[in-house]
Amino acid sequence: MPTPFPGMDPYLEHPDLWRDVHHRLIAALADDLAPRLRPRYRVKVEVRVYAVMPDRLGFIGVPDAGIIQINEPAVAYHTSTGPRAVELLVPDVIEEGYLEIQEVASGELVTVIEILSPANKRPGEGRRFYETKRGLVLASAAHLVEHAPARSVPGAGRQPGRGG
């Protein structure tokens, strides 16, 4: 069945699909752009990583299992009340890919290309991390290209102080 939304497919942001769609789209963009920009520029796939508590994840896909390494020594306490059941919240690690285009001769960052994920579009950790990254790029001489599939994002594409 064709999408009822011409030019977009909001179903791609479903938690079961989005992570795979996002990583494949970033890789496909890199594969398409790299031969067009060589030899003057290089295209790099980069990853932004952050942790959020499970109760704050919202509408993003995360793995069912993971392995973490804790570099702090374990601490044991003795109590005389016997065993107790406790709930431990372990942060989920979120990885979001993006592209950087760099000039080969100087290594200078020329352009950052972002495909916004659902976590970048709604209030919370993902949005804060993304806005920080966006601010750093906009404060530099590099260009920022944002694409927000399926939904509009307030402020996306506008550059403060640049007439946008």
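The points below go from the overall layout to a few local details.

1. Ground rules. This is a predicted model, in which local features need pLDDT of at least 70, side-chain atom pairs count only at pLDDT 80 or more, and totals for chains, interfaces and linings use all residues. Residues are numbered from 1 along each chain as its sequence is written, and side-chain values use heavy atoms, with hydrogens and water left out.

2. Layout. The chain has three helices and four strands, in the order α-β-β-β-α-α-β from the N terminus. Helices (H or I, at least four residues) and strands (E, at least two) are DSSP runs, numbered from the N terminus. Of the 164 residues, 29% count as buried, meaning under 20% relative accessible area, with exposed over 50% and partly exposed in between (1.4 Å probe, protein chains only).

3. Contacts. Among contacts (heavy atoms within 4.5 Å) with a separation of 6 or more, 70% join residues 24 or more positions apart.

4. The largest nonpolar core. Nine residues make it up: Trp18, Ile26, Ala30, Ala34, Val43, Leu99, Ile101, Ile113 and Ile115. Such a core is a set of buried Ala, Val, Leu, Ile, Met, Phe, Trp, Tyr and Cys residues joined through side-chain atoms within 4.5 Å. Two or more residues come from each of α1, β2 (92-103) and β3, and α1 gives the most, with four. A second, separate core has eight residues, including Leu116, Tyr130, Ala142 and Leu144.

5. Ile115 up close. Which residues does Ile115 contact, leaving aside its neighbours within four places in sequence? They are Trp18, His22, Leu25, Ile26, Leu29, Asn120, His147 and Pro149.

6. Strands β3 and β4. Strand β3 (residues 109-115) pairs with β4 in the parallel sense over five bridges; pairing takes at least two DSSP bridges between two strands. Thr111 stands opposite His143 in β4. Strand β4 (residues 143-147) has Leu144 and Glu146 on its covered face, and His143, Val145 and His147 on its uncovered one.

7. A partly exposed valine. Val49 lies in strand β1 (residues 41-52). Why does Val49 count as partly exposed? Because its relative accessibility is 48%.

8. A peptide bond to check. Most peptide bonds are trans. The one from Arg38 to Pro39 is cis, with omega near 5 degrees. Pro39 sits in the loop between α1 (18-37) and β1.
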